[in-house]
Structures are given as structure tokens and as C-alpha cells.
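Please find below a colleague's note for a reader who is new to this structure. The points are numbered and may be read beside the sequence and the coordinates.

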4 protein chains.
Amino acid sequence: MSENSFGRLLRVTTWGESHGPAIGCVIDGCPPRLKLSEDDIQPWLDKRRPGQSRYTTQRRESDQVRILSGVFEGQTTGTPISLMIENTDQRSRDYGEIARQYRPGHADIAYDLKYGIRDYRGGGRSSARETAMRVAAGAVARVILRELVGPQLLIRGALTGIGGQSVDRSRWDWAEVEQNPFFSPDAEIIPAWSEQLEAVRKSGSSVGATLEVVAEGVPAGLGAPVYGKLDAELAGGMMGINGVKAVEIGDGMGVASLHGEENADPIRPSGNPMEPAFLSNHAGGILGGISTGQPIVARMAIKPTSSILLPVPSITRDGEAVEVRTKGRHDPCIGIRAVPVAEAMMACILADQLLRNHAQCGWL
Amino acid sequence: MSENSFGRLLRVTTWGESHGPAIGCVIDGCPPRLKLSEDDIQPWLDKRRPGQSRYTTQRRESDQVRILSGVFEGQTTGTPISLMIENTDQRSRDYGEIARQYRPGHADIAYDLKYGIRDYRGGGRSSARETAMRVAAGAVARVILRELVGPQLLIRGALTGIGGQSVDRSRWDWAEVEQNPFFSPDAEIIPAWSEQLEAVRKSGSSVGATLEVVAEGVPAGLGAPVYGKLDAELAGGMMGINGVKAVEIGDGMGVASLHGEENADPIRPSGNPMEPAFLSNHAGGILGGISTGQPIVARMAIKPTSSILLPVPSITRDGEAVEVRTKGRHDPCIGIRAVPVAEAMMACILADQLLRNHAQCGWL
Amino acid sequence: MSENSFGRLLRVTTWGESHGPAIGCVIDGCPPRLKLSEDDIQPWLDKRRPGQSRYTTQRRESDQVRILSGVFEGQTTGTPISLMIENTDQRSRDYGEIARQYRPGHADIAYDLKYGIRDYRGGGRSSARETAMRVAAGAVARVILRELVGPQLLIRGALTGIGGQSVDRSRWDWAEVEQNPFFSPDAEIIPAWSEQLEAVRKSGSSVGATLEVVAEGVPAGLGAPVYGKLDAELAGGMMGINGVKAVEIGDGMGVASLHGEENADPIRPSGNPMEPAFLSNHAGGILGGISTGQPIVARMAIKPTSSILLPVPSITRDGEAVEVRTKGRHDPCIGIRAVPVAEAMMACILADQLLRNHAQCGWL
Amino acid sequence: MSENSFGRLLRVTTWGESHGPAIGCVIDGCPPRLKLSEDDIQPWLDKRRPGQSRYTTQRRESDQVRILSGVFEGQTTGTPISLMIENTDQRSRDYGEIARQYRPGHADIAYDLKYGIRDYRGGGRSSARETAMRVAAGAVARVILRELVGPQLLIRGALTGIGGQSVDRSRWDWAEVEQNPFFSPDAEIIPAWSEQLEAVRKSGSSVGATLEVVAEGVPAGLGAPVYGKLDAELAGGMMGINGVKAVEIGDGMGVASLHGEENADPIRPSGNPMEPAFLSNHAGGILGGISTGQPIVARMAIKPTSSILLPVPSITRDGEAVEVRTKGRHDPCIGIRAVPVAEAMMACILADQLLRNHAQCGWL
């Protein structure tokens with residue numbers, strides 16, 4: 001039913017469970033003759049990979065991606081690109097409790113209510129492990145964007161808050177993002193975040209976060225009126241990332257308090273009618289669902305990890321009361337590793353919209 | 001390219017421009033043998049219709065919907081339902097300025113950058129007039145939900161804030177919503193809102209708003225893992241409503257400050273394993289992208305109307321600097337009339353997911 | 001469920017019943033800035049229109065098409081094009097028998113088995129009247145092809161046989177097709193066909209036919225491997241025309257008797273590597289699902305009209321035995337009026353594939 | 001662009017090239033809680049596997065299928081089912097000629113004209129090897145049909161002609177089909193076919209064939225009016241099988257010579273209004289695009305294998321004239337191994353339509 005696919009012209013279908021033999025995806029619609037190898041994908045997976053700092057899960061997966069089809073002699077052929085990562089760290093363990101009990105905040109109970117069955121090992125299909133394939137697909141989307149648009153198109157994400165402690169935007173430094181284990185653009189907040197996460201971990205709890213993705217150099221004209229709106233697709237894509245509960249474009253919730261003259265971004269001549277100059281970017285780069293050439297700005301809030309050591313009342317599959325404590329290796333703040341995932345979704349959606357624009361308006 | 005359709009099994013395709021001869025939609029996939037007539041649709045359109053209070057645009061459209069196909073002897077036949085509303089109030093006027101100038105905050109410039117052409121009369125395809133067809137489709141979706149689920153499924157929306165003045169949730173009263181021109185659930189805030197809107201109008205400005213839609217009685221099991229998530233589809237659908245810049249599910253942005261044990265909704269035995277009892281609803285009724293039986297809660301922020309009398313710097317199609325003042329009949333707060341639209345999107349998305357659930361899990 | 005739509009990037013959704021107030025379609029994905037008016041569509045509808053000769057139904061519909069959206073100042077805008085034809089000749093009559101009895105060979109019984117309800121007036125949704133909208137959509141597709149490819153792309157259809165009497169291909173003359181009421185490319189067969197149809201009509205019977213559509217000047221590269229094959233889409237589209245029971249591409253059924261060296265079309269240098277010279281066209285212009293630049297050739301067989309005056313055993317809705325004679329105005333040979341419909345399907349499918357090619361390979 | 005997927009609710013996406021590391025597919029939309037293991041799939045693959053007789057290619061692939069996801073403890077979970085077969089017999093060889101020359105009748109030239117690149121090893125994506133995944137998907141579809149409909153639903157295929165020598169239908173025996181290497185339902189024609197194929201092989205040529213697939217026990221009501229017609233989807237699916245050039249439903253091309261009273265299948269009371277009795281089956285079990293409960297009958301013609309030892313004139317990638325002789329291991333008659341593929345497509349399309357019927361009409 002295409003419930004495991006996204007994109008229209010760049011169509012990504014993912015498959016796999018957390019503790020099955022492998023996870024993978026099929027990317028259909030990639031233009032031919034693009035240079036592509038595992039080396040274009042692996043670095044992005046490494047960025048997302050667990051076990052890299054004490055603030056993310058200690059599960060150790062090498063996450064080595066293989067290209068199984070669609071590439072010949074180093075170039076895409078236009079046929080579907082199949083990517084696969086074998087699950088190497090499926091620890092043998094007792095799943096008795098997790099099989100019988102519903103972990104509050106988790107998909108366990110919802111899957112059972114819908115399907116009457118679930119692969120409970122490590123969360124099965126609802127595990128964040130699936131997001132590795134979005135990152136892989138995002139890497140392919142970046143190759144498409146680089147070739148078809150150019151290197152000026154830049155997609156970057158950052159963590160902007162943990163548990164209510166937000167970065168100081170006046171100190172925003174993209175270079176800093178790559179230098180710390182939090183993807184923080186603000187070097188000075190790192191001690192406070194470290195301290196908070198240490199306390200959270202010790203207490204057996206977890207904490208929520210906010211993050212932001214910005215795409216610069218996006219050509220004007222991506223998106224479509226009414227039901228193919230770029231902002232609507234970003235909202236759907238971002239809300240589909242595990243744990244995301246809110247998505248904002250541009251000023252987001254803030255627009256509710258603005259007056260019209262504060263919100264409307266003034267436009268000024270630029271010499272190039274195809275690249276108008278805007279004096280502000282409350283709109284987050286999108287008007288009427290279509291990109292204007294300004295930076296695309298998407299923000300989101302991610303809930304605290306549901307798997308915590310602290311007990312939460314719940315029930316078993318048989319409807320009996322139980323207190324659930326979720327042991328095992330879990331990120332105290334899943335928001336951190338969501339940053340490369342959100343970047344990847346932005347890349348996929350932009351590449352898809354770009355191809356759609358080629359289709360309908362490419363002849364102009 | 002299906003840019004003007006939404007839904008997978010209940011597929012709605014809309015067409016029409018603000019000042020063309022008519023607007024309409026085609027609803028495909030409606031189950032057969034449901035009682036349906038214009039009387040099931042017209043009341044919802046009337047609720048959204050402009051010109052009903054001083055707080056909405058004074059454009060006067062009778063908005064009489066006609067069913068052109070798919071219904072026979074008062075019942076749906078399973079074939080596509082075509083709905084049409086003629087545009088009766090297309091005032092003849094001079095569009096010279098609007099044709100040449102880009103109204104800041106509007107889709108004008110984005111459409112021209114994409115298509116190189118736009119129907120500038122009244123905003124053309126980007127006009128909020130298109131949302132009348134979503135309301136009409138939502139009315140059909142309500143009929144489907146009522147027949148296939150039952151009358152306990154209740155979808156209701158309310159305005160929760162104007163320009164930063166929010167309702168007091170302790171005074172929330174659904175009955176009140178139908179009693180005032182703001183769809184406010186809090187009777188006591190109405191004087192403040194009235195005063196604010198009066199001031200906004202006098203100053204030639206506009207103001208943003210927040211609103212909320214709640215669906216109660218939704219069966220568990222709607223939604224799908226990964227890319228057909230109910231919350232992701234709601235986010236996409238809601239963000240696609242004209243002017244929406246942020247969407248929240250459940251606690252929304254608030255989850256970023258929560259700890260795991262605060263966020264996870266405890267579950268208690270209820271006697272019926274298919275209808276577990278939850279002690280809170282931070283999740284907004286959705287876990288892992290699938291409904292749990294709790295109320296579905298979606299909130300959104302809508303920007304202030306871009307059409308304002310106050311001047312904003314802009315450019316013409318030829319790239320020359322200009323100050324734009326948008327005359328004409330405009331809602332000072334488009335958030336108000338967005339309430340029935342957001343309700344309709346909720347209805348359409350739930351009905352679509354219900355049919356999808358029938359397809360895959362109906363045999364259980 | 002998109003059961004009433006076809007095409008991926010040029011997406012056509014039709015609606016309407018034979019005796020409802022109107023029929024129509026929505027065409028989504030049309031490129032912007034193409035010149036388009038009713039005058040580009042009406043001539044093709046006139047070609048298909050009933051009541052033009054004694055060999056087609058005497059139902060008299062003016063079939064005046066109206067463009068309701070998507071065109072502004074004579075040009076397409078890139079937004080959905082809504083077309084509508086009002087049903088003017090819905091004779092008031094007694095539908096008692098047709099409502100109760102299942103006409104053998106008709107969709108009546110299948111619709112009831114599926115939906116439990118059907119609009120029996122004139123066949124409702126299963127009436128060939130729906131094909132008027134395919135012809136209208138085909139006319140828009142022709143405009144797209146003319147602008148994006150050029151006037152050398154030529155789509156033409158012809159009737160090649162009636163009741164076993166086939167044209168002599170050595171006398172094939174495209175100019176002749178427009179000169180006779182049968183769309184026959186062979187002037188000399190017309191007397192025989194006239195005589196046969198006269199006899200068929202007198203006896204209250206009907207007769208089958210074969211037809212052929214040829215598209216010349218189609219650029220190489222349209223189609224896709226595996227599941228988007230041009231020949232597969234043509235087969236699906238043609239088999240979906242009312243009454244079609246067989247579709248052939250190129251040599252069709254004839255390939256079953258060929259040897260490899262007879263079937264393979266030899267290729268010769270042409271000076272232009274993008275336009276190779278083929279010495280024969282057994283393949284019908286398609287290899288591996290992709291056009292080669294040779295003429296695309298599709299043939300099909302259409303069954304005799306199911307509505308006949310001669311009695312055929314059948315049952316009523318209540319399961320009682322009955323003899324059905326179908327009175328009313330019916331084409332003795334529905335194959336004739338299928339010619340412009342088949343042409344239109346070819347045009348729609350080629351235009352759709354062209355846009356898809358732009359999307360994926362347009363950057364090369 | 002979904003060019004490598006088929007089905008709407010049971011959605012199959014295939015990937016892989018003939019000589020890449022593996023081929024595979026992802027099946028999305030399978031209902032949960034069906035018993036499924038490799039043992040349900042492998043026998044059908046074995047039936048199609050090359051190297052089983054002297055009449056099929058001598059390439060030796062063990063074709064061992066692995067289920068990589070979507071099945072847990074022997075049951076489907078409702079999440080995507082990933083299947084993979086490793087390519088074990090990729091002989092190292094010199095591809096110099098095949099890389100430079102276009103084999104007439106093959107997809108080589110079309111791929112290059114479209115993509116400007118192709119994986120020429122063994123035909124790459126256009127190799128019939130891809131059909132192994134259709135057979136695998138068909139096996140899953142059979143499991144769905146068996147569980148949701150019952151064992152009375154029976155899908156069987158047979159070869160009906162080779163090079164113009166057709167079976168005698170009066171000797172049709174389904175049991176015989178499993179007993180010979182031709183899938184022939186007529187034991188007596190086997191010596192003639194053997195002799196013909198032996199001669200064809202010796203001469204370095206190949207030969208065309210006809211085949212037929214029949215589905216019995218199909219419930220009435222599958223299919224949809226206008227663009228989701230069961231016959232149209234069968235035609236598209238069958239024409240998409242490598243080498244198929246014609247598809248017939250029911251009487252197929254034969255209807256062109258029939259009169260209305262010969263073609264219309266008379267209906268008689270059966271006691272069960274949901275299972276009417278038909279006195280003939282010219283329609284091939286489908287009326288108005290919807291199944292009637294009668295056997296679904298599809299026939300097709302397959303061209304002779306394009307890879308032959310006999311020389312055919314062609315050109316190189318550089319446009320130079322050349323004579324092509326295709327060495328290597330090839331079926332002299334690809335029609336034989338197409339039988340299980342055609343059966344599989346029938347199974348997939350019926351299962352997909354069944355789920356669609358559940359969605360829209362399941363509530364009746």
C-alpha cells in the first residue's frame with residue numbers, strides 16, 4: 001500500500017526490522033549518469049551511527065552500506081538503486097518481558113491493536129534503526145542535487161535545544177556543529193547540555209529536544225499549489241521521523257502573534273528577476289507552497305526517548321497491569337541522532353520536487 | 001502530477017481558481033450505498049462561508065454545492081463524486097496593479113518564478129477559496145466515518161488564540177464554539193478578541209492565530225509505520241492549509257522540555273484489550289504513527305493575512321521597486337475561517353486511513 | 001482509490017454518468033504557458049460524437065466542452081484543467097426493465113455484484129459516454145506533444161476490420177480515413193462494410209471490429225524498464241476502452257509463429273546515432289518497453305455492442321430467468337467510435353511518458 | 001518514479017540486474033498474520049528456474065530466495081516483505097562485443113537512447129532474470145488469496161503453441177502441464193514441439209509461442225470501472241512480461257468476427273444471486289472491468305528470443321554497421337519459462353484487486 005515509500009519521482013521504499021537479518025531501501029527514479037559509490041553514502045551513515053558518544057546508544061553497528069543494483073562502472077544507470085545494511089549486532093537476549101508488555105510511549109500497543117502481531121525484538125519495524133535508510137537515501141538525494149543544481153545548494157541541520165535549554169542564536173556557528181557530539185551550533189551551551197544529559201542518564205530518564213534544518217541555495221519554483229506544497233511535504237516528512245511531535249516552517253508557532261506587516265517579507269529589486277531580494281525570511285523560504293530562493297527553514301520538536309529505566313504503569317498483551325522499566329542500550333536524547341535524519345529528509349524532498357519541476361516546467 | 005489530489009483510497013482532487021467560472025472537486029473511492037445528498041455538505045460550507053460576520057471577508061458567495069455524479073437515488077454508487085460550486089461574486093474590477101505587483105507574503109512571486117504565468121484575479125489557484133472544496137470533501141468523509149465507524153466518532157475544531165491572546169483551557173466548552181463568530185471554546189475571551197480585531201482592521205493590518213482540532217472516538221489501528229503515519233499525514237494535510245506555518249500533535253513543541261516519565265502516557269487495564277485505558281494523552285492519540293483509540297489532537301498556527309492595507313516594499317514583475325497596499329475584501333484574521341477547513345482535513349485523512357485499514361487488516 | 005484516474009505526471013481523472021447532469025474530467029500536471037482553448041478540444045469531440053451517421057447511435061448530444069479552470073488569457077497556468085460537458089439529451093423514459101434485468105455482455109451484473117447498487121440509466125458510469133472525456137483529455141495531450149515535441153509527432157487511428165471483413169493494407173490511405181463514416185483507410189471496402197452493417201442493424205444484432213493506432217515522430221527514450229513500459233501502458237490503456245478484448249503491439253499475435261531472425265528488426269547506420277535506421281518494424285516501435293523512434297503501432301479488437309434487439313437469456317436482480325432485448329439507440333458496431341478514443345489514449349500515454357522522461361533524463 | 005513497482009495495495013517493487021550481486025523485491029501491503037516462509041516461495045521459483053531442461057537456458061542459478069523482513073515467527077507482520085536472491089552464476093567473460101554492439105530485438109539500443117548508459121552484462125535490468133522476483137511476489141500473492149479467499153481459487157498457466165503449432169484444446173489436461181518441460185496441457189503435441197525446438201536450436205535460431213493463464217474461483221466484484229479495470233490491469237501486467245507482444249482476454253481477437261448474440265454470455269438463475277450461472281465465457285470472466293465469478297482467461301503471444309546465433313545487421317554505439325551474432329546460453333523459446341511468470345502476474349493482480357475491494361466494498 002506504499003506505506004513504506006515516500007517521494008513521487010524520487011521514490012524511496014524502505015524495509016527491515018531492527019533485529020532482522022538486514023535493513024535496506026530501494027531508490028527509484030534517480031537520474032542516470034551520476035557518479036555514485038558507497039563512499040558517497042557511508043560518511044552520512046557514520047554521522048548518524050550509534051555508539052559514537054556517551055550520549056547515544058551503545059549499540060555497535062558498523063552500518064556498512066552496500067549498493068546492490070542501479071550503479072554500473074561507478075555511475076547510476078536510471079534503474080532502481082538497492083541499498084542494504086546487514087544487522088550485525090543483534091544480541092541474543094531474553095525478549096520475554098518486551099514481548100508481553102507494552103512499553104508506554106512506544107508503538108508496541110498500537111502495532112498490536114492494528115496488526116495483532118509485532119516483531120518485538122528491538123522495536124521491530126518501529127525502531128529508529130529504520131532511519132539509517134533515510135540517511136542513505138538522503139545521501140543519494142544530495143548527489144542528485146549537487147549534480148542537477150550545484151554545490152551552492154547546502155543542507156545543514158543542528159540541535160537547538162535539549163530539555164528546555166536552547167542555543168543562543170547570536171552565537172550560531174555552522175562550523176561548530178561538526179565539532180561536538182550534539183550537533184550544536186553554539187559551543188558555549190555544550191557544558192550545560194552535557195551536565196543535563198549526565199543527570200538524565202543517572203536518573204534512568206530521558207529528555208526532549210528541538211532541532212533545525214536549513215537548506216540554502218534552493219532554486220525558486222520547487223513545490224506546487226494546494227497538495228504538493230513544499231512546506232506540506234516537509235511537514236509530513238519531518239513529522240514522520242520517530243519521536244517528532246511538532247514541525248515549524250519559518251517563524252512557525254511565532255506567526256500566531258504577528259501582525260501582517262511584521263510577517264510579510266519585503267521584496268526588493270536584485271537585478272535578477274529570477275532571484276528577488278527579500279529583506280527578511282519569516283516565511284522560511286516558501287510562499288504558497290513554492291520555494292522562493294530564500295533559505296528553507298524547518299524546525300521540529302522531538303519527544304524524550306520512551307525507553308527509560310524509570311517505571312511507568314502499563315499493561316501486558318493479556319490486559320494485566322504491570323510496571324514497565326525498559327532496560328537495554330538507549331539514547332537518553334533521541335533528538336541528537338535525529339539531526340542527520342532530518343537533513344536527509346530535507347534532501348530527499350528537495351530532490352523529488354526538483355525532478356517534478358523538471359517534468360512540468362522543464363520545457364520553459 | 002497529482003499535485004492537486006490528496007488521500008490514497010479516498011482520493012480528493014480539487015480544481016478551480018478564485019475568479020474562474022467555478023471551483024470543484026472529484027472524490028474517488030467513496031464506499032457505495034451511503035446516503036448522501038447536498039444537504040450533508042451544504043451546512044459545513046455555510047460554516048466556512050465568507051461574509052458571515054464583520055470578522056471575515058465581505059465577499060458574498062452563496063457557495064451552493066451541486067453533486068454532479070456518483071450519487072443515484074440518494075445513495076453513493078462507488079463511482080467518483082463530482083462536486084461543483086459556481087463562482088457568483090466575481091466582481092468586475094481593475095486588476096492592473098495586482099497583475100503587475102507581487103504582494104509580499106503571497107504566492108504571487110512564487111507562482112511566477114515557477115510557472116512564468118499566474119491567474120492573478122483574486123489569487124487564482126492560491127486563493128483560500130479552494131479550501132471550500134476541502135470542506136465539501138470533508139463533509140463526504142464525515143458521512144463515511146459515521147456509517148463505517150458510528151456517531152461516536154466526533155471531529156471538532158476551535159480557535160485557541162488570536163494575536164497572542166489565548167483561550168483559558170479551564171473554560172473550554174465545545175458548545176460555546178458554535179455560539180460565536182470566532183469558533184472560540186472560551187466565551188470570556190470574546191470581548192478581548194473583538195477589540196483586538198477591531199483595532200487591527202482599523203489600522204489596515206491583520207493578525208495571526210492558533211487553532212486546534214480534536215477527533216474523539218477514532219478506532220485504534222489507523223495509520224501505518226514509517227511513511228503512512230497518521231501524524232505525518234495530519235502534519236502534511238494541516239501544513240497544506242493556506243497560511244499554516246506550524247503543526248503540533250499532542251504536546252507538540254512542549255515535548256522538547258519533557259522528561260521521559262512525564263511524556264509517556266501510562267496505560268491501565270480497561271477490561272477490553274482492544275480499548276486500553278490511558279492516564280494521559282501527551283501523544284495526542286498516536287503512537288508509532290498509529291491511532292491508539294485516544295482522542296487525536298492536532299494544533300496549528302496560522303500567519304496573519306498577507307493582504308493588508310499597510311504598505312510593504314515589493315517589486316513588480318519587471319523587477320522595479322514598489323510599495324504594495326492590498327485593497328479589497330479580506331479577513332483580518334484568516335485563522336478563523338481555517339477552523340472548518342482543518343476539521344475537514346482531519347475527516348478526510350481519518351476516512352482515508354480507515355479504508356486503508358480495511359484493505360490490509362480488515363480480514364482479521 | 002484512483003480507480004478513475006490514469007497517467008502519472010499528466011494525470012486525468014474522469015467523472016460522470018451517462019444520464020447524470022454532466023460528465024467531466026480534471027487534467028493535472030499540464031505544463032504551463034501552452035496555448036489552449038475550447039477550440040483545441042471541440043473538433044476531436046465532434047469526431048467521436050454520436051449521431052453523425054446511420055452507423056452510430058442516434059443519441060444527439062451537442063457535446064460542447066467547457067474549460068472551467070487551469071487556463072488564463074488563453075494559456076495553461078500549470079494548475080488543474082477542469083473540463084465539463086453537460087448531458088443535454090437525457091430522454092425521460094421508463095427504465096423499469098433495465099433497472100431490474102441484467103443485460104448480457106454488459107457491466108450491469110458485475111456492478112451489482114461489486115457495489116450492490118448501480119445507476120442503470122443508460123449504463124451509468126459504464127456507458128461509453130465516459131470516453132468523451134478521454135477524447136477531451138487526448139486533445140490536451142496533443143497540444144502538449146505539439147509544443148514539447150513538434151508537429152512531426154502524428155497520432156492517427158483507423159478501423160481495420162468489421163465482422164471479419166478486413167481492409168486491404170496495400171490500399172491504406174490515411175487521407176481516406178477522414179473521408180468516410182467508418183474511419184476506414186481503404187476506400188474500396190466501404191460498400192462491403194455498409195452492406196454488412198445494414199444487415200446487422202436490420203437483424204437487431206451488432207458486430208465486432210478491429211482498429212489500429214499509429215504514432216509517428218515519437219522521440220526515442222519514452223517508456224521505462226520493467227513496470228513503466230510504454231507497451232504495457234498502451235496495453236492497459238487500450239484494454240480499458242469499452243469493449244476492447246485484445247491488444248497487440250507491432251506484430252502482436254503474429255510473433256508466435258516467427259523465428260528470431262524474422263522478428264528482430266535490423267538496424268542500420270543513419271548518420272545520427274540518436275535516430276538509428278531500422279529496416280523493419282515488427283516491434284511496433286518499442287524495445288524493452290522504451291520507444292526507439294520508429295512508429296508506435298497498437299492494434300485492438302472490439303467486441304460487438306452488447307445492447308441488441310435479439311433476445312438473450314438472462315436473470316433479474318432477484319435471480320429470476322428472463323429474456324433480455326435491449327431497445328434504444330445503440331451503435332451496431334462500437335468499434336467505429338472507438339477510433340478517436342484509442343487515438344486519445346495514445347496521445348495521453350505518450351504525453352505522460354514524455355513528462356516522465358523530462359523528469360528523470362531531462363538533465364542529460 | 002515508481003517505474004519499478006506494480007500494484008496499488010499489494011505493491012511490489014523489484015530491483016537488480018542480471019549480473020549484479022543480487023536481485024530482489026519489496027512487497028508492501030501484505031495483510032498481517034498469514035503463515036509465510038521461504039518454503040511457500042521456493043517451489044514456484046524452481047518451476048521457473050533455468051537449466052532444468054534442454055529447452056531452456058543452461059545458466060545455472062540455484063535461485064535460493066531469502067526473506068529479509070516482514071515475517072516474524074513464521075507469520076507476516078504487515079510490514080514490508082523483502083526478498084532477495086543472490087546471483088551466483090555470473091560467469092566472468094569478455095563483454096567487449098555486447099558492450100559495443102546493439103543486439104537487434106533487444107533493449108540495448110533503447111536503454112542507451114534513453115539513459116545514455118546501460119549495464120550490458122547479461123542484459124542488465126532488461127534481462128528476464130528480473131522475472132524471478134515476479135514469481136516470488138506471485139507466491140506471496142497466492143498465500144494471500146488462499147487465506148482471504150480459499151483454496152478454491154486456482155491460478156494455472158499453460159503453453160498453448162510454439163512456432164505456430166498449437167495444442168488441441170479437446171485434449172486439454174491440466175494434470176499434464178506439470179508432467180512435461182513445456183508446460184503443455186496436450187501430451188500429444190510434445191513430440192512435435194521437441195522436434196521443432198531441436199531444429200531451431202541447431203539452426204541457431206529461436207521461435208515464438210502462445211500461452212494462457214486461467215484463474216478459477218475468483219470472487220465476483222474484483223476490478224473497477226473505467227481505469228482500474230481488471231482486464232486492463234491484466235493486459236498491462238501481461239504485456240510487461242519480457243517478449244509479450246499481444247494480450248487477449250476471453251475470446252480476444254476473435255470477438256472482432258462475432259455478432260452480438262454470439263458474444264454475449266447468457267445468464268441463468270443459480271439459486272445464489274451472488275453466483276450467477278453463465279452459459280458461456282466469451283468475456284473471459286470480466287464484464288465492465290469487473291470479475292463476474294467466471295474463470296478469468298488471459299492469453300498472450302511471446303516473440304522469439306532475440307538472442308540468436310544467426311547474424312542480424314545492426315550498429316555499434318558509435319553508429320557503425322556490424323553483424324550481430326549473440327553467443328551464450330539462451331532459451332530457444334522464452335515463451336516456455338514465461339508461463340510461471342504470467343501465472344504470478346495474475347496472482348499479484350488478483351490479490352491487489354482483492355484488497356482494493358476490501359477497502360471500498362468490504363463494509364457491505
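1. The structure under discussion is a predicted model. The remarks that follow should be read with that in mind.

2. Extent of the contact between chains A and B. Here 104 residues of chain A are in contact with 103 residues of chain B. The area buried between chain A and chain B comes to about 8300 Å², and carbon and sulfur atoms give 65% of that area. Within chain A, the residues that lose the most area to chain B are A:Lys114, A:Tyr227 and A:Lys245; together they account for 11% of what that side buries.

3. Make-up of the side of chain A that touches chain B. Helix 3 of chain A, residues 108-115, gives the most to this side, with six residues. By class, the residues of the side of chain A that touches chain B divide into 55 nonpolar, 33 polar and 16 charged.

4. Strand 11 of chain A (residues 244-249) pairs with strand 11 of chain B (residues 244-249). The sense of the pairing is antiparallel, and it extends over three bridges. Within this arrangement, A:Val247 stands opposite B:Val247.

5. Relation of chains A and D. The same surface serves both copies, since 100% of the contact residues of chain A recur in chain D.

6. Extent of the contact between chains A and D. In this interface 42 residues of chain A are in contact with 42 residues of chain D. The area buried between chain A and chain D is about 3400 Å², and carbon and sulfur atoms give 63% of it.

7. Make-up of the side of chain A that touches chain D. Several strands of chain A each supply at least two residues of this side, among them strand 3 (22-28) and strand 7 (81-86). The largest share, five residues, comes from strand 2 of chain A. By class, the side of chain A that touches chain D has 15 nonpolar, 15 polar and twelve charged residues.

8. Ten strands form an open sheet with antiparallel pairing, in the order 9(C)-8(C)-10(C)-16(C)-11(C)-11(D)-16(D)-10(D)-8(D)-9(D). Strand 9 (165-166) of chain C and strand 9 (165-166) of chain D stand at the edges with a single partner strand each, so one side of each is left without a neighbour in the sheet.

9. One pairing within chain D. Strand 10 (residues 209-216) and strand 16 (residues 296-302) of chain D run antiparallel and are joined by seven bridges. The bridge partner of D:Leu211 in strand 16 of chain D is D:Met300.

Terms used: Residues are numbered from 1 along each chain as its sequence is written. Chains are lettered from A and ligands numbered from 1 in the order in which they are written. This is a predicted model: local features need pLDDT of at least 70, side-chain atom pairs count only at pLDDT 80 or more; totals for chains, interfaces and linings use all residues. Side-chain values use heavy atoms; hydrogens and water are left out. Contact means heavy atoms within 4.5 Å. Buried area is the accessible area (1.4 Å probe) that two parts lose on being put together, summed over both. Helices (H or I, at least four residues) and strands (E, at least two) are DSSP runs, numbered from the N terminus. Ala, Val, Leu, Ile, Met, Phe, Trp, Tyr, Cys and Pro count as nonpolar, Asp, Glu, Lys and Arg as charged, and the others, Gly among them, as polar. Two strands pair if DSSP finds at least two bridges between them.
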